[in-house]
Amino acid sequence: MVLADLTAGAVEDAERRALMRPLADVEKAALARPAAKDARAALAPASRVKIIAEVKRASPSRGALAEIPDPAHQASLYETGGASAISVLTEERRFGGSLADLEAVTSRVSVPVLRKDFIATPYQVLEARAAGADLALLIVAGLERRVLTELFALITELGMTPLVETHSADEIAVAADLGAALIGVNARDLTTLELDRDLFSRIGHLIPDGATKIAESAVLSPDDVAHYRGAGADAVLIGEALVTGDPVATLHRFLEAGA
C-alpha cells in the first residue's frame with residue numbers, strides 16, 4: 001500500500017532526526033513558539049471559496065513538478081494572490097520537501113501554514129509547531145484510531161488546528177466523532193494513487209454543519225474549483241496548478257471561479 005509505505009518512511013525519517021534533536025529539545029522549542037494563527041477562522045465558510053495553496057515540488061503520482069528553490073517566495077506569491085492558508089509538504093522521499101521549507105514559509109507569510117506530511121508520531125507534531133506550523137495534517141486512513149485520537153489531542157493542546165483528511169463516508173464519521181473543525185476529502189486514494197474527481201460530490205455533504213469542508217486534489221482549472229464549490233466545498237487545497245504556472249494569476253482565476 002502506497003500510504004503505508006509513505007507513512008513508514010516519514011516515521012523512519014523522523015526517528016533519524018530525533019537522534020540529532022531529541023524529543024525534549026523539540027518540545028521545548030514548540031512550547032516557546034508564539035501562539036499559532038487561527039486557521040479555523042481563516043478558512044471559515046464565506047461567500048466565496050477559500051484556497052489553501054501548496055508548496056509542492058513533486059508527488060508519487062506525477063513525479064517532479066517544480067524545483068521551487070525559494071519556498072518562502074513561492075508562499076509569499078500565494079499570499080499576494082489571495083490564498084487563505086499555505087500548505088507546505090515536508091515529506092522528503094517522494095515529495096522533495098523538508099522542515100526547512102516549513103520554517104522558511106512560516107517566517108515569511110502572515111496567513112496560517114499547514115504542515116502536510118504523513119504524521120504518525122508525537123515527535124512529528126512537535127516538530128510542526130517548533131517550525132511555526134499553525135495546522136497539521138492527520139490522514140484517517142493511515143492511522144489507528146487510538147493514535148489518531150492522541151495526535152488530534154496533542155495538535156489541539158499545542159494551539160494548532162488539525163486538518164483531518166478522509167476518503168470515505170466511514171472516515172468522515174471518524175473525523176466528526178473527533179470533533180474536527182476542518183475536514184478534508186481527498187480525491188486521490190493514497191492507498192492506490194487513483195483519482196476520483198467526484199468523490200467530494202458524493203460524500204462531502206456528510207461533513208457535519210459547523211465544520212469547514214475542504215476538497216483536496218484534482219484541481220487544475222477554474223472549472224475544477226467551480227465543480228467543488230458547487231458540491232458544497234468551503235475551501236480547496238491546490239498544489240500542482242500553482243507550482244507549474246503563474247501562481248498569482250492562477251489564484252485570481254480560481255477565486256473568481258469559486259465566488
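**Entry 1. Terms.** I call a residue buried when its relative accessible area is under 20%, exposed when that area is over 50%, and partly exposed in between. I note that the model is predicted. By this scale Arg 202 is partly exposed, because its relative accessible area is 46%.

**Entry 2. Arg 202 and its partner.** I looked up which residue forms a salt bridge with Arg 202 and found Asp 196, with the closest N and O atoms 2.5 Å apart. Asp 196 is also partly exposed, at a relative accessible area of 27%.

Entry 3. I next examined Asp 101 and Arg 57, whose side chains meet in a salt bridge at 2.4 Å, N to O. Asp 101 lies in helix α5 (residues 99–106), while Arg 57 sits in the loop between β1 (50–55) and β2 (58–59). The two residues are 44 residues apart, and I recorded that they link distant parts of the chain. Are these residues buried or exposed? Asp 101 is buried, with 7% relative accessible area, and Arg 57 counts as buried at 18% relative accessibility.

**Entry 4. A pair within one helix.** I found a salt bridge between Arg 146 and Glu 150, where the closest N and O atoms are 3.3 Å apart. Both residues belong to helix α7 (residues 145–157); they are four residues apart, so about one helical turn separates them. Glu 150 counts as partly exposed, at 45% relative accessibility.

**Entry 5. The whole structure.** I recorded 15 salt bridges in the structure. I also noted a network of salt bridges that links Glu 12, Asp 13, Arg 16, Arg 17, Glu 92, Arg 93, Arg 115, Asp 117 and Glu 127.

Technical notes
Residues numbered from 1 in each chain as written. Predicted model: local features only at pLDDT ≥ 70, side-chain atom pairs only at ≥ 80, totals over all residues. Heavy atoms only, no water. Salt bridge = Lys/Arg side-chain N within 4 Å of Asp/Glu carboxyl O. Buried < 20%, exposed > 50% of the residue type's maximum accessible area, 1.4 Å probe, protein only.
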